[in-house]
Protein chains: 2
Amino acid sequence: MAAGGAERAEQFIDHETAASPTDHRDLRLWLRLLTLTTLVESEIRGGLRVAFDTTLPRFDLMAALHKTKAPLTMGDLSRRLMVSNGNITGVTERLVEEGLVVRTRSKEDKRTQYVELTAAGRTEFERMAARHEQWIAAAFADLSDAEATKLMELLGKAKASVRRNLIAAREGQTQ
Amino acid sequence: MAAGGAERAEQFIDHETAASPTDHRDLRLWLRLLTLTTLVESEIRGGLRVAFDTTLPRFDLMAALHKTKAPLTMGDLSRRLMVSNGNITGVTERLVEEGLVVRTRSKEDKRTQYVELTAAGRTEFERMAARHEQWIAAAFADLSDAEATKLMELLGKAKASVRRNLIAAREGQTQ
DNA sequence: CCGGGATAGTTTAAGTTTAAAATAACGCTG
DNA sequence: CAGCGTTATTTTAAACTTAAACTATCCCGG
């Protein structure tokens, strides 16, 4: 590491690089997608830890609250972040301990809990979000506007395809 | 769930759908990428659990071994799967318990452990891989060849951009 | 108003994940 | 050949994650 990079050739072996050239089209596509996401995600994770001593799940939860500018229920958070409801319970608890969010019981429905950012939480999130956006901007800096637009479009098509052919197909199986 | 889907309109709120239209280009791109990956990954996770009573990390580890058709060290696996080395220890242990892989110490270097599929592991993996490929093919079924090719290309560019502008930039920071 | 199905959230058990510290073995240099 | 920096792996502690079971509450039909 300190020595000036003689072994660079081996450094970039990853899930995808390890794919053999005989793999099929969609499998290679999926591996590339997964590798890219994993790379970015782990950089962000590391950045949040080093720069703010926090974690990605906590950041994501705060981001959801910040975006809506209004309290969300535990169930709302679970659906938006696409994680289990039990998961939200734990992450929220830690954010409450840190004083970044508060939970309040609904008057109308005693089962429901509303979660919202505290003033400290909002300030802290905005600090983190600014840095987060810089990282993301750096990540995609080499893409032209046209390329980014095209990529957005193709990812959108892929997402629709997944919902139609994978998710809806499974859900409709034997019912 | 048993009742026939009256609340479908609310069902597809996700991390990305929740994004406001004023977000910046790269942030929206990143959210879409993340959402797509998460959707596919959680379908595969569920499929592996239901159909084969196994998990994605175990499948991935076996896939790495199957692809190389040769034993890999713990470190090789850690680098290829882009996870920490401690992680590989745990996943490998469970696969050994299940009789799907074996670990053997190297004669030349007593620190090194080689991991390889057992006959049972190879057979089981091939069963799972066939199904896995069907899921992936279904996921991207609505993309034409031209679209898939373009998407591959753009993801490749994005990956290069991430390595150059995010990862290498961080690594070179103050050294 | 009451019984029962649906909904909101928590708990539990098992597994995955990481970073950091610890262990063990290697291999070079003096 | 002794020590010492490096490398391969395991251990540890804390957090995240899920599915499934559970608790509490809601609300509808009779």
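Predicted model: local features only at pLDDT ≥ 70, side-chain atom pairs only at ≥ 80, totals over all residues.
Residues are numbered from 1 along each chain as its sequence is written, chains are lettered from A and ligands numbered from 1 in the order in which they are written, and side-chain values use heavy atoms, with hydrogens and water left out.

**View 1. The elements of chain A.** Chain A has six helices and three strands, arranged from the N terminus as α-α-β-α-α-β-β-α-α. Helices (H or I, at least four residues) and strands (E, at least two) are DSSP runs, numbered from the N terminus. Of the 175 residues in chain A, 45% are buried.

**View 2. Helix 3 of chain A and its cover.** Helix 3 spans residues 74-81, and its buried residues are Met74(A), Leu77(A), Ser78(A), Arg80(A) and Leu81(A). The cover over these residues includes helix 2 (56-68), helix 4 (85-97) and strands 1 (72-73), 2 (101-105) and 3 (113-117) of chain A, where contact means heavy atoms within 4.5 Å. After helix 3 comes Met82(A), with a positive phi near 55°.

**View 3. A salt bridge within chain A.** Arg58(A) and Glu98(A) meet through their side chains in a salt bridge (2.2 Å, N to O). Arg58(A) belongs to helix 2 and Glu98(A) to the loop between helix 4 and strand 2 of chain A, so that the pair links distant parts of the chain, 40 residues apart. A salt bridge is a side-chain nitrogen of Lys or Arg within 4 Å of a carboxyl oxygen of Asp or Glu. Arg58(A) counts as buried because its relative accessibility is 17%.

**View 4. The sheet of chain B.** Three strands of chain B form an open antiparallel sheet in the order 1-3-2. Strand 1 (72-73) and strand 2 (101-105) are the edge strands, each pairing on one side only. Two strands pair if DSSP finds at least two bridges between them; strand 1 and strand 3 (residues 113-117) of chain B are joined by two bridges. Thr73(B) stands opposite Tyr114(B) of strand 3. Helix 4 (residues 85-97) of chain B packs on the sheet, touching strands 2 and 3, and its direction makes about 115° with that of strand 2. Axes are lines fitted to C-alpha atoms, for helices over the stretch in contact, and angles run from 0 to 180 degrees between N-to-C directions.

**View 5. The interface of chains A and B.** Each chain brings 68 residues to the contact, and eight salt bridges cross the interface. One of them joins Lys157(B) to Glu147(A), with the closest N and O atoms 2.5 Å apart; Lys157(B) lies in helix 6 (residues 145-171) of chain B and Glu147(A) in helix 6 (residues 145-171) of chain A. Lys157(B) is partly exposed at 36% relative accessible area, whereas Glu147(A) is buried at 16%. Asp145(A) and Arg25(B) also form a salt bridge (2.7 Å, N to O).

Notes: Buried < 20%, exposed > 50% of the residue type's maximum accessible area, 1.4 Å probe, protein only.
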